[in-house]
Amino acid sequence: MANIDNAYNKEYAVRLDQEDELAPYRNEFYVKEGSIYFDGNSLGLLSKRAEQTLLSLLDSWKHFGIDGWTQGEHPWFYLSEQLGNSLAPLVGGSPEEVIVTGSTTVNLHQLVSTFYQPDSKKTKILADELNFPSDIYALKSQLTLKGYDPSEHLVEVRSSDGHTLAEEDIINEMKEDIALIVLPSVLYRSGQILDMKRLTAEAHKRNILIGFDLCHSVGSIPHHLSDWDVDFAFWCNYKHLNGGPGGVGGLFVNKKHFGKHPGLAGWFSSRKDKQFDMDHTLTPAEDAGAFQVGTPHVLSLAPLIGSLSIFEEVGMEKIRVKSLKLTQYLMDLIEHELTDYGFAIQNPKEDHRRGGHVYLEHPEAARICKALKEEKIIPDYRTPNGIRLAPVALYNTFEEVWECVQMLKTIMKEERYKKFKNEREVVA
C-alpha cells in the first residue's frame with residue numbers, strides 16, 4: 001500500500017473504507033462514539049446479535065424454568081454441541097470434533113490429563129518460552145500431578161530474538177523423550193503464526209502427540225485442524241469471536257482419538273442418552289463432547305450464538321483478507337510517520353506469518369498506552385515495553401488506523417506521555 005500515491009493521507013483511508021465490503025458489519029457492534037478500540041485481541045466488542053441471544057436465553061429461563069434444558073429455540077442441554085457445530089468451520093474441524101465448554105486453562109488441563117501418558121522412555125512435555133503464562137502454569141501442574149519435576153520434564157523452546165520462534169528450533173527439540181507438545185498457534189505478543197501443518201507432521205513422524213492453543217488465532221485466521229491431523233486444540237471465545245468477558249471456551253479433539261476416556265471425567269462427559277441413567281460408571285460421549293466436565297454455563301454461552309452467526313455469514317476468508325489489509329496499512333503508516341520516535345515493529349511482516357495484530361516496542365510503552373487511552377484510543381500494553389494494536393476486520397476501519405498513527409505521532413512529538421508513570425496498571 002505504501003507505494004500508492006497519497007497512501008498516507010486521510011482521504012486514502014476513507015476511500016479504503018468506502019471500498020470495504022465488510023464495512024456494514026461495523027453497525028452490528030456497539031462501537032463507542034469518539035473512541036477507537038484496538039484491543040479486540042484481548043476482549044472483542046459486544047455485537048447486537050450477541051446481546052439479543054443473551055436476552056433470548058434469559059427469556060427462556062424466565063418462561064421455561066428447568067424445562068429450558070429441553071425446550072425453547074436453543075435448548076440448554078444441547079447448546080455446547082450446537083455451538084460446536086457453528087465453530088467447527090472456523091477451526092477446520094468436523095462438527096463432532098468441536099465442543100464449546102470450560103475455559104482455556106480448564107480445557108488445557110483436560111486435554112493434557114487425557115493425552116499426556118508418560119512411559120519409561122517418553123516423559124517430557126515440549127512447549128515454548130514465549131507462550132502465555134497460564135499455559136505454562138497448567139503444564140507444570142500436570143507434570144507435578146504425574147510425579148515429575150517441571151524443571152526437568154518441561155522443555156521450553158528458546159527464541160533467538162525474544163519475539164518469534166523458528167519452526168526448525170521447535171523440530172530440533174522433538175526428541176525421543178518428548179511425550180506431548182503444546183504450542184500456541186499465534187504468539188500472543190508478536191502475533192507470529194506458527195506453521196501448524198508442518199509442526200504436526202514433524203511431531204507425528206516422531207510418534208509425538210501435538211496440540212495448539214488457538215486463543216489468538218480463532219476468529220482471526222483460517223484453520224484446517226482436521227486436514228492437518230492436529231491431535232487437539234483449545235481456545236477462548238472472548239477475543240476475536242466476541243463471546244463476552246469470561247465467556248465459555250472451546251476445544252477440538254481429532255476424531256481418531258474418539259473413544260479415549262477423558263482424563264478429567266464429569267457430569268457432561270456423558271453420552272447424552274445415558275446421562276440421566278445416573279450410573280456411577282461413566283459412558284463417555286462418542287465425540288468431542290466426552291471432554292466436557294461440568295454443566296454448561298448457559299448465560300455465558302448465550303452471546304456466542306449471536307456472535308457466531310456473523311462469522312457464518314461473512315466467512316473466515318473475507319475476514320482474513322481485510323485483517324491483513326488493516327495490519328499492513330497500520331505498519332506502512334508507522335514506518336512512514338513514526339521513524340523518528342524510537343518505535344520498533346516486532347511482529348512478522350509477511351502475510352502468512354502475521355496474525356491479527358501489530359506489536360510495537362518502545363522504552364516508554366506503558367506511559368504511551370496511557371496517553372493513547374486519554375485520547376480515547378484503546379491499545380493493549382504488554383510488559384515490559386510492548387504495545388499491541390489490533391484493528392479488527394468486523395468493526396474497525398482504515399480511517400481509525402490512520403487516526404491512531406497520527407495521534408501516536410502527536411503524543412510523541414508533544415511528549416504528552418511524560419505526564420504518566422511508565423508502569424502498568426493492575427490489569428494491563
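Here is a short chat about a few spots in this predicted model.

Me: Why is Ser-190 called buried?
Reply: Buried means under 20% relative accessible area. Ser-190 comes in at 1%, so it counts as buried. You'll find Ser-190 in the loop between strand S5 (178-184) and helix H8 (196-205).

Me: Which other residues does Ser-190 touch?
Reply: Leaving out residues up to four places away in sequence, its contacts include Thr-164, Gln-346, Asn-347, Pro-348, His-357 and Tyr-359.

Me: How do you know that the buried residues of H1 line one face of the helix?
Reply: In helix H1 (residues 10-18), the buried ones are Tyr-12, Ala-13, Leu-16 and Asp-17. Looking down the axis of H1, they fall within an arc of 145°, so they line one face. Glu-11 and Gln-18, on the other side of H1, are exposed.

Me: What do the buried residues of H1 pack against?
Reply: They pack against helix H11 (316-337) and H13.

Me: How does the reach of H13 sit against the expected value?
Reply: H13 (residues 398-413) has 16 residues, and 22 Å is expected at 1.5 Å a residue. From first C-alpha to last, H13 reaches 23 Å, which is close to that. Among its buried residues are Phe-398, Trp-402 and Met-412. Just after H13, Glu-415 takes a positive phi of about 55°.

Note on methods. Residues are numbered from 1 along each chain as its sequence is written. This is a predicted model: local features need pLDDT of at least 70, side-chain atom pairs count only at pLDDT 80 or more; totals for chains, interfaces and linings use all residues. Side-chain values use heavy atoms; hydrogens and water are left out. Helices (H or I, at least four residues) and strands (E, at least two) are DSSP runs, numbered from the N terminus. Buried means under 20% relative accessible area, exposed over 50%, partly exposed in between (1.4 Å probe, protein chains only). Contact means heavy atoms within 4.5 Å. The expected span of a helix is 1.5 Å times one less than its number of residues. The arc is that of the directions from the helix axis to the C-beta atoms.
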